[in-house]
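Thanks for asking me to look over this model with you. Please have the sequence and the 3D view open while you read.

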Amino acid sequence: MKLSAYARKTGISYHTAWRWFKAGRLAGYQVGTGTIIITDPIPQMFTAVTDQKVTIYTRLSAAENKDNLEGQARRLRNYCAAKSYRLMTVLKEIGLGINDRWPKLLKLLTDPTITLIVIEHKDRLTRFGINYIEKLLAMQGRRIEVIHLAENGKEDLIQDFVSIVTSFCPRVYGQRRFKRKTERIITEL
């Protein structure tokens, strides 16, 4: 089927389908006229969009940015309304991106009734390993929809680098503080 028909039937934009084809996520070929033919069958999760049970997941690193958390939720609600998704819940969580102690996210990932998790950026779900989570959810007929994807690999690489530096800074400063505190205790003793 033509790429445009595939995009229409799955409920994604033509541009997204084209990016997936270029990235190798969709099997197909391009004919001499430039038309792209997709040979992949339409995944079962796309056949009944109305039967999906959708949850929005938002997360921030610091509690002082709670207004941003509400803004994330509002933007995602608007997105789901535009896509005619049946929204079940909105989960909001505050915690650093590098650790894995997010009880609401863990509950969400283990709930088999949720078929679609909508997030704003990949790093709102987890800093690293989102591909593993996507593959495991796909095996259960579930998926993650990221509404703001990086346009190119360079932007994604820069964001990963910033995430690494940002997530390790508290550890470094914490170790320095711990060392100074230990030295102070030793001198007092």
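The numbered points below go from the overall layout to the cores, the helices, the salt bridges and the surface.

1. **Ground rules.** This is a predicted model, in which local features need pLDDT of at least 70 and side-chain atom pairs count only at pLDDT 80 or more, while totals for chains, interfaces and linings use all residues. Residues are numbered from 1 along each chain as its sequence is written, and side-chain values use heavy atoms, with hydrogens and water left out.

2. **Overall layout.** The protein chain has seven helices and six strands; helices (H or I, at least four residues) and strands (E, at least two) are DSSP runs, numbered from the N terminus. Starting at the N terminus, their order is α-α-β-β-β-α-β-α-β-α-α-β-α. Take contact as heavy atoms within 4.5 Å. Among contacts between residues at least 6 apart in sequence, 64% join residues at least 24 apart.

3. **Burial and surface.** Of the 189 residues in the protein chain, 32% are buried. Here buried means under 20% relative accessible area, exposed means over 50%, and partly exposed is in between (1.4 Å probe, protein chains only). The accessible surface of the chain is about 12300 Å², and carbon and sulfur atoms hold 57% of it. These areas come from the Shrake-Rupley method with a 1.4 Å probe; for residues, only the protein chains shown count as cover.

4. **The largest core.** Which residues have the most contacts inside the largest nonpolar core? They are Tyr-57, Leu-105, Leu-108, Ile-117, Ile-119, Leu-125 and Ile-144, in a core of 14 residues. A nonpolar core is a set of buried Ala, Val, Leu, Ile, Met, Phe, Trp, Tyr and Cys residues joined through side-chain atoms within 4.5 Å. At least two residues of this core come from each of α4 (103-110), β5 (116-119), α6 (130-139) and β6 (143-146). Helix α6 gives the most, with three residues. As background, nonpolar side chains tend to be buried together in soluble globular proteins.

5. Leaving out residues up to four places away in sequence, Ile-117 touches Thr-55, Tyr-57, Leu-108, Leu-109, Leu-137, Arg-143, Ile-144 and Glu-145.

6. **Helix α6.** The buried residues of α6 are Ile-130, Ile-133 and Leu-137. Seen down the helix axis, they fall within an arc of 60°, so they line one face of α6; the arc is that of the directions from the helix axis to the C-beta atoms. They pack against α4, β5, α5 (122-125) and β6. On the face turned away from this buried side, α6 carries the exposed residues Asn-131, Tyr-132, Lys-135, Leu-136 and Met-139. Just after α6, Gly-141 has a positive phi of about 80°.

7. **Helix α1.** In helix α1 (residues 3-10), Leu-3, Ala-5, Tyr-6, Ala-7 and Thr-10 are the buried residues. Their packing partners are α2 (14-23) and β2 (36-38).

8. **Salt bridges.** How many salt bridges does a search of the whole structure find? It finds three, where a salt bridge is a side-chain nitrogen of Lys or Arg within 4 Å of a carboxyl oxygen of Asp or Glu. Lys-92 pairs with Glu-70, with their closest N and O atoms 2.9 Å apart. Lys-92 lies in strand β4 (residues 87-94) and Glu-70 in helix α3 (residues 66-82), so this pair ties together parts that are 22 residues apart in sequence. Arg-75 and Glu-120 meet at 2.5 Å, N to O. This pair links distant parts of the chain, with Arg-75 in helix α3 and Glu-120 in the loop between β5 and α5, 45 residues apart. Arg-75 is partly exposed at 37% relative accessibility, whereas Glu-120 is buried at 5%. Glu-145 and Arg-143 form a salt bridge at 3.2 Å, N to O, and both residues are buried.

9. **A nonpolar surface patch.** Do look at Ile-158, Phe-161, Val-162 and Val-165, which form a nonpolar patch on the surface with about 370 Å² of accessible area together. Patches are made of residues with over 30% relative accessible area and no salt bridge; like charges are joined within 9 Å, and nonpolar side chains (Val, Leu, Ile, Met, Phe, Trp, Tyr) within 5 Å. Val-162 is found in helix α7 (residues 153-188) and is partly exposed, at 40% relative accessible area.
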